[in-house]
Amino acid sequence: MYIRGDHAELVVGGRLDVRSAADARTALHAAVDSGRGDLVLDLTELESWDATGLGVIMGVHRRAGRNNRRLVLRGVPPQMQRLLVATRLHRILAIEGGTGVESLPRA
């Protein structure tokens with residue numbers, strides 16, 4: 001897993017999972033704490049995430065709200081979009097360009 005960018009826009013790539021969660025949490029919380037306005041997470045290079053990784057994203061979302069910021073997800077890969085829809089988190093998280101729910105097959 002790698003994260004590059006600044007306090008306004010970050011690219012998250014690789015795998016966001018139990019092994020990388022602590023480092024990701026530290027980097028993302030620092031970005032939230034050091035900036036203002038929207039924090040955009042570009043996920044186009046993210047290969048996968050597990051429940052722990054999703055928990056990191058939700059924790060960053062909550063922290064951003066407490067800091068009067070908004071977390072915005074950009075470039076969410078289709079399989080991750082499906083997970084957000086299945087868990088109904090697409091209703092809570094700001095997703096740039098929507099989730100493409102209308103193009104996803106119904107379960």
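**View 1. Contacts of Arg70 in a predicted model.** Arg70 touches Gly37, Asp38, Leu39, Ala64 and Ala94, leaving aside residues up to four places away in sequence; contact means heavy atoms within 4.5 Å. The side chains of Arg70 and Asp38 are joined by a polar contact of 2.8 Å. A polar contact is a pair of N or O atoms within 3.5 Å; within protein, one must be able to donate a hydrogen and the other to accept it, and residues adjacent in sequence count only if both atoms are side-chain atoms.

**View 2. Setting of Arg70.** Arg70 sits in the loop between α2 (51-66) and β5 (71-74). Helices (H or I, at least four residues) and strands (E, at least two) are DSSP runs, numbered from the N terminus. Arg70 counts as partly exposed because its relative accessibility is 44%. Buried means under 20% relative accessible area, exposed over 50%, partly exposed in between (1.4 Å probe, protein chains only).

**View 3. Buried residues of helix α3.** In α3 (residues 78-86), the buried residues are Met80, Gln81 and Leu84. They line one face of the helix, because they fall within an arc of 105° seen down its axis; the arc is that of the directions from the helix axis to the C-beta atoms. Their cover includes β4 (46-49), α2, β5 and β6 (94-95). Arg88 follows α3, with a positive phi near 65°.

**Reading the views.** Residues are numbered from 1 along each chain as its sequence is written.

Terms used
Predicted model: local features only at pLDDT ≥ 70, side-chain atom pairs only at ≥ 80, totals over all residues. Heavy atoms only, no water.
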